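Please give me a short report on this protein model. I would like to know how its parts hold on to one another.

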Amino acid sequence: MASISPSDQSAPVPLDAVDERILAAVRRNGRLTKQALAAEVGLSATPVWVRLRRLEAAGVITGYHARIAPGRLRPMVRVLVELTLASHRHSDFLRFETAIAGLPEVVGCQAVGGGVDYFMTTETPDIDSYQRLMDRILGMEIGVQRYFTYIVTRQVKAGTD
């Protein structure tokens, strides 16, 4: 199986109907056995497994994850943060992204086009902890010009639910 270099990872991967059925099945349940996946997509186990490995090698499938409900483990406040950087050079974006990647309270961050630069998702035990996180981020001097906070009051849909 040929591996795909990182520069090729943005190129679309050609998929047929069977590949689409495999992706839909593992999106619904990443824990399917090889036999169960084969039965669901209508092929024998070996060809399905070969296709699945090809999709992984091509970077179409990037991992298998368990969705954890952190609020069931401990108190947790989820906050969405809209951020704008003061400067927009490549090095500014890289500095910000590198710093944010190292913060465990930041559970998601997307670069976006439009009037802001990033949407960030944080999970902290309470609002005071969130504010301390933002104070820490601002103190890191990573170019944040302004931010707006949106407290999540209810999860309507998450992941592939």
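## Glu40 and its partner

Glu40 is partly exposed in this predicted model. Its relative accessible area is 39%. The side chain of Glu40 meets that of Arg28 in a salt bridge, at 2.3 Å from N to O. Glu40 belongs to helix 2 and Arg28 to helix 1, so the pair ties together parts 12 residues apart in sequence. Arg28 is exposed, with a relative accessible area of 59%.

Which residues of helix 2 are buried? Helix 2 spans residues 34–41, and its buried residues are Leu37, Ala38 and Val41. They sit on the same side of helix 2 because they cover an arc of only 100° around the axis. A general rule is at work here: an α-helix has 3.6 residues a turn, so residues three or four places apart point the same way.

The buried residues of helix 2 pack against helix 1 (17–28) and helix 3 (45–57). The face turned away from the buried side carries the exposed residues Gln35 and Ala39.

## After helix 2

Gly42 follows helix 2 and has a positive phi, near 85°. Gly42 lies in the loop between helix 2 and helix 3. Is Gly42 buried or exposed? Gly42 counts as exposed because its relative accessibility is 57%, and the cut-off for exposed is over 50%.

Thr62 is in the loop between helix 3 and strand 1. Thr62 counts as exposed, at 71% relative accessibility.

How many salt bridges does the structure hold? There are 9. One of them joins Asp19 to Arg51, with the closest N and O atoms 2.8 Å apart. This pair links distant parts of the chain: Asp19 is in helix 1 and Arg51 in helix 3, 32 residues apart. Asp19 is buried, at 2% relative accessibility. Arg51 is partly exposed, at 21%. Both residues belong to a network of salt bridges that links Asp16, Asp19, Arg51 and Arg54.

Another salt bridge pairs Arg89 with Asp92, and its closest N and O atoms are 3.2 Å apart. Asp92 is buried, with a relative accessible area of 3%.

The largest nonpolar core has 18 residues. Leu83, Phe96, Ile100, Met120 and Ile137 touch the most other members. The elements giving two or more residues to this core are strand 1 (77–85), helix 4 (90–101), strand 3 and helix 5 (127–139). Strand 1 gives the most, with 5 residues.

Take Ile137. Leaving aside neighbours within four places in sequence, Ile137 is in contact with Ile100, Leu103, Met120, Ile142 and Val144. Another core, of 12 residues, lies apart from the largest one. Its members include Ala25, Ala38, Val48 and Leu55.

## Inside and on the surface

Thr122 lies in strand 3 (residues 118–124). Thr122 is buried, with a relative accessible area of 0%. Beyond its neighbours within four places in sequence, Thr122 has several contacts, including Val77, Glu105, Tyr130 and Leu133.

Phe148, in strand 4 (residues 144–151), is partly exposed at 42% relative accessible area.

Conventions
Residues are numbered from 1 along each chain as its sequence is written. This is a predicted model: local features need pLDDT of at least 70, side-chain atom pairs count only at pLDDT 80 or more; totals for chains, interfaces and linings use all residues. Side-chain values use heavy atoms; hydrogens and water are left out. Buried means under 20% relative accessible area, exposed over 50%, partly exposed in between (1.4 Å probe, protein chains only). Helices (H or I, at least four residues) and strands (E, at least two) are DSSP runs, numbered from the N terminus. The arc is that of the directions from the helix axis to the C-beta atoms. Contact means heavy atoms within 4.5 Å. A nonpolar core is a set of buried Ala, Val, Leu, Ile, Met, Phe, Trp, Tyr and Cys residues joined through side-chain atoms within 4.5 Å. A salt bridge is a side-chain nitrogen of Lys or Arg within 4 Å of a carboxyl oxygen of Asp or Glu.
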